[in-house]
Each structure stands twice: as structure tokens, then as C-alpha cells.
Amino acid sequence: MRHDTDDHGPDRLLTPYAVICGIIAAGLLILGAFVDEQVVSAAFVLAGLVLAWGWPVLLGLPRPSTSALVLVAGVVAMAVVDLWSDPDDGMRWLTAALAIVLVLAFLHELVRTDGREHLVLSIAGAAFGLGILASGAFFRQAMAREHGDLAIVAAVGATALGLLVDYLCHRSRRLAEWALPTALLLGAVLGLIIGLASGAPWNVLLVTGLVSAGLSHALRRVVGVLPTTADPAAQLAIGSSGTLVAGLVPYVALWALVR
């Protein structure tokens, strides 16, 4: 596998800002998994606000401040659903919240007075960010299921380990190609250990750790090579998004494998 060394190459993928942000977000979610649903929701809000601030910078959106406000509206709407919806119909209300905020994203484009330069980029970037936030909101929904707390620990623990592996492996071009398989292995092993130690279904937690590590890595590879990644705000967005994007995995794994 070839790795360039120019300013836009993989060597610029991560900085300590992204690593610290991702580990803090994962730590807060793990704390919430051991405490209660409200702490999980609070962790989601904090990570979501960091993403809302840095995401428009990372993607180079034409109006970063107003795009950030759209994402903040998404964080607030999804947090309200998390806190006040019944677990049985939480998915329905999350879908409704996402639809409403997507409408706001399009309305934001209608009121622009700059000729709507880079219109597709602006809409696509906002929708991408809202999709990541919607996935992160499912951490709270997973808490309502049996073994949901352990599934969250496996998911975000795997993303944190994968983030560290990415950071360390990409310091050397010889090790860069091992970042993904190492992250997948560590995520699977973490889930297996948590399952065997707790008596919870080990297959669910293994799959959760494996898929979460892979999904987080894939997102970093997509956005981490953009020319804007040198900005600290963009790096914070990489760190928080890599954790939030795995939010749907524990919920789906529990739904699919625990009947």
C-alpha cells in the first residue's frame, strides 16, 4: 500500500487534538453506561456540540457558522428525544427529529444571499453530520435493552482503541497499513473479554466491538485526508465523530442477535 508524504497525505490524518477528544468522548459514554441513561445523554450532547463546532470547518462548508447552528439544532432535538421519549418508541421520534432538522438544513440554504455557492457541498455536509449525530443518539436507546450498557462499553472502547492505533500506526509509513486489521482485532477481543467476564452474550459484544472499530476507522479515513484537517476544530470533529458514528452498532447488534 502506497502512502504519500505531502501535506494532504495520510501522515496528516490525526493529531493529539483528535485523539484526546475521541478518548474523552468514549470515557464519558463509558461512565454513563455504568451510571444511568441521563449521563449517556449528557455525554452525547457534549460530543455532539464539539462535532457541530468543528464539522463545518472539517468539510470546508461555505457558511460554517450557520451550518454549525443547524447541527446544534440537531443535537438539541435528538437529546430531547433521548431524554423524554419512551424507549419503545424512541426510534420513531429520533426519525422525526432527524427529518425536522434536515428540513432546517434545506431552509438554511434557501435564505442564503451569496448565490448559494457550493450548494450541494453545504447540504451534503450538513446531512452527513446529522447522520452521525443520529447514530450517536442511539447510545441512549441501547441503554434501554438488556446488556445495553456493556454493548456501549464495547462499542466506544473499540473506537478509542482504534483511534489510538490509527494515531500510532500512522507515525510510520511501514505500520500504516496495519492500522485497520489491528483496530478490528482489538475491538473484537475487547468485546469478547467483556462478554466472557460479565456473562453477557459474548457474540453480541464481539460483533459490537468489531463493527464499531471498523466503522470508526472508515469515517476517519474518509474525512481525515481533507485539506482542512490541520485546523484544531477539524481535528476535534474527527475525534468526536469517530465515537458518535458507532452509536447505532450496539442497538442493532442487540436487536439482531438477542431475541
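The 14 positive and 18 negative charges of the protein have mean positions that lie 6 Å apart, where Lys and Arg count as positive and Asp and Glu as negative, with His and the chain ends not counted, and where each charge is placed at NZ of Lys, CZ of Arg, CG of Asp or CD of Glu. The model is a predicted one, in which local features need pLDDT of at least 70 and side-chain atom pairs count only at pLDDT 80 or more, whereas totals for chains, interfaces and linings use all residues. Residues are numbered from 1 along each chain as its sequence is written, and side-chain values use heavy atoms, with hydrogens and water left out.

The secondary structure comprises 10 helices and zero strands, the helices (H or I, at least four residues) and strands (E, at least two) being DSSP runs numbered from the N terminus. For 259 residues a compact globule would have a radius of gyration near 18 Å, and the value of 18 Å found for the protein agrees with this; the radius is taken over C-alpha atoms, and the globule rule is 2.2 Å times the number of residues to the power 0.38. Along the principal axes, the C-alpha atoms fill a box of roughly 60 × 50 × 25 Å.

Of the 259 residues, 49% count as buried, that is, under 20% relative accessible area, with exposed meaning over 50% and partly exposed in between (1.4 Å probe, protein chains only). With contact meaning heavy atoms within 4.5 Å, and residues up to four places away in sequence not counted, Leu 58 touches Val 223, Leu 226, Thr 228, Thr 229, Ala 234, Ala 237 and Ile 238.

Cys 169 belongs to helix 6 (residues 148–169) and counts as buried because its relative accessibility is 11%. Apart from neighbours within four places in sequence, Cys 169 is in contact with Leu 175, Ala 176, Trp 178 and Ala 179. His 147, in the loop between helix 5 and helix 6, has a positive phi of about 70° although it is not a glycine. Most residues other than glycine have a negative phi. With a relative accessible area of 23%, His 147 is partly exposed.
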